[in-house]
Amino acid sequence: MEQYFNSLFTNIRFSDIVIPSVGLKDILDILIVAYLIYKIIFWVKETRAWVLFKGIIVIFAFALGAFVLRLNTILWIFSKTISVGIIAVIVVFQPELRKALEQLGKNRHIFDILSFDTSQSNRDYTEKTVEEVIKASEKMSAVKTGALMLIERDVPLGDFERTGIPIDAVVTSQLLINIFEKNTPLHDGAVIIKNNRVAAATCFLPLTESNDISMDLGTRHRAAIGSSEVSDAFVVVVSEETGAISIANGGVLYRNLSSDAMRRMLLQGRHGATKKRKRIFWRRGKKNE
């Protein structure tokens, strides 16, 4: 550690500094690095990692102070633990790093170029599937039957699907209503819909760790938000207490949606639809408060 700091401050003679010539490639290189640093700082500030990051800054400031004051024992400890500290940082920031990689992996603008999957259109859900989901949601809402349904899009939901019971049946409103009927074996948990079929039921979903959601939301809604944070699925929720229908997507819960709003959201969320969906119809539903 001491040798590292010494290398920064020794043999510096400002009279010998030569300003290098800057070309177009150098400017482009600087802009890319500056943008990446900005995005990393912005991402860190938007997560719980910001508090941990400030703690790391304090540690390095403490190390710099030890170098200035020539506290050799502390510098020796830092020099022996710096390599282990890098691994410790990765372990501490593991949830945030995983979330960042998941968000990067969901970026269709990048991976559509590199995709060799020619069956994407076959995995897209149809209008009939949307209508069956809406019809089931309306009927369950009328009698306040709780429901949780995930419609798979680009990000595979295999991890969630494996936690449930395989169904592999055509999506119909009658089937969905029967699954979520109270006191039936399959009513507890979520239903996974993919390839226009009910793939599995009673699936377990991760709960959101966000502290910004309303306190009146129960486990079902928190699971909907949590699963939408790690996938791009549309998660349809029917409240057992109020009968209200909500949809979670991208970590945001849009509450008290009408059937028309649901239809627009789900249909315009398909791959072949327009991408202006947020401004058009999501404003009709309340976001999680």
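**Close-up views of a predicted model**

**View 1. Arg-220 and Glu-240 pair up in a salt bridge, their closest N and O atoms lying 3.7 Å apart.** The two sit in distant parts of the chain, with Arg-220 in helix α11 and Glu-240 in the loop between β5 and β6, 20 residues apart. A salt bridge here is a side-chain nitrogen of Lys or Arg within 4 Å of a carboxyl oxygen of Asp or Glu. Arg-220 is partly exposed at a relative accessible area of 26%, and Glu-240 is partly exposed too, at 34%. (Buried is under 20% relative accessible area, exposed is over 50% and partly exposed is in between, using a 1.4 Å probe and protein chains only.) Elsewhere, salt bridges with shared partners tie Glu-131, Asp-260 and Arg-263 into one network. By this rule the count is eight salt bridges.

A word on the model: it is predicted, so to speak of local features takes a pLDDT of at least 70, side-chain atom pairs count only at pLDDT 80 or more, and totals for chains, interfaces and linings use all residues. Residues are numbered from 1 along each chain as its sequence is written, and side-chain values use heavy atoms, leaving out hydrogens and water.

**View 2. Arg-255 forms a salt bridge with Asp-216, with 3.4 Å between the closest N and O atoms.** This pair also links distant parts of the chain: Arg-255 belongs to strand β7 (residues 252–255), while Asp-216 is in the loop between β4 (197–203) and α11 (219–229), 39 residues apart. Helices (H or I, at least four residues) and strands (E, at least two) are DSSP runs, numbered from the N terminus. Arg-255 counts as buried at 14% relative accessibility, whereas Asp-216 is exposed at 54%.

**View 3. Helix α8 (residues 127–142) runs for 16 residues and reaches 23 Å from first C-alpha to last.** That is close to the 22 Å expected at 1.5 Å a residue; the expected span is 1.5 Å times one less than the number of residues. An α-helix has 3.6 residues a turn, so residues three or four places apart point the same way. Glu-132 is buried at 12% relative accessibility. After α8 comes Lys-144, whose phi is positive, near 55°.

**View 4. The buried residues of α8 pack against several elements, among them β1 (147–151), α10 (173–179) and α12 (259–268).** The buried set in α8 includes Val-130, Val-133, Ile-134 and Met-140. Helix α12 is itself mostly covered, with seven of its 10 residues buried, including Met-262, Met-265 and Leu-266.

**View 5. Leu-28, Ile-32, Tyr-35, Leu-36, Tyr-38 and Phe-42 make a nonpolar surface patch with about 650 Å² of accessible area together.** Patch members have over 30% relative accessible area and no salt bridge; like charges are joined within 9 Å, and nonpolar side chains (Val, Leu, Ile, Met, Phe, Trp, Tyr) within 5 Å. Areas come from the Shrake-Rupley method with a 1.4 Å probe, and for residues only the protein chains shown count as cover. Phe-42, in helix α2 (residues 24–45), is partly exposed at 41%.

Terms used. Contact = heavy atoms within 4.5 Å.
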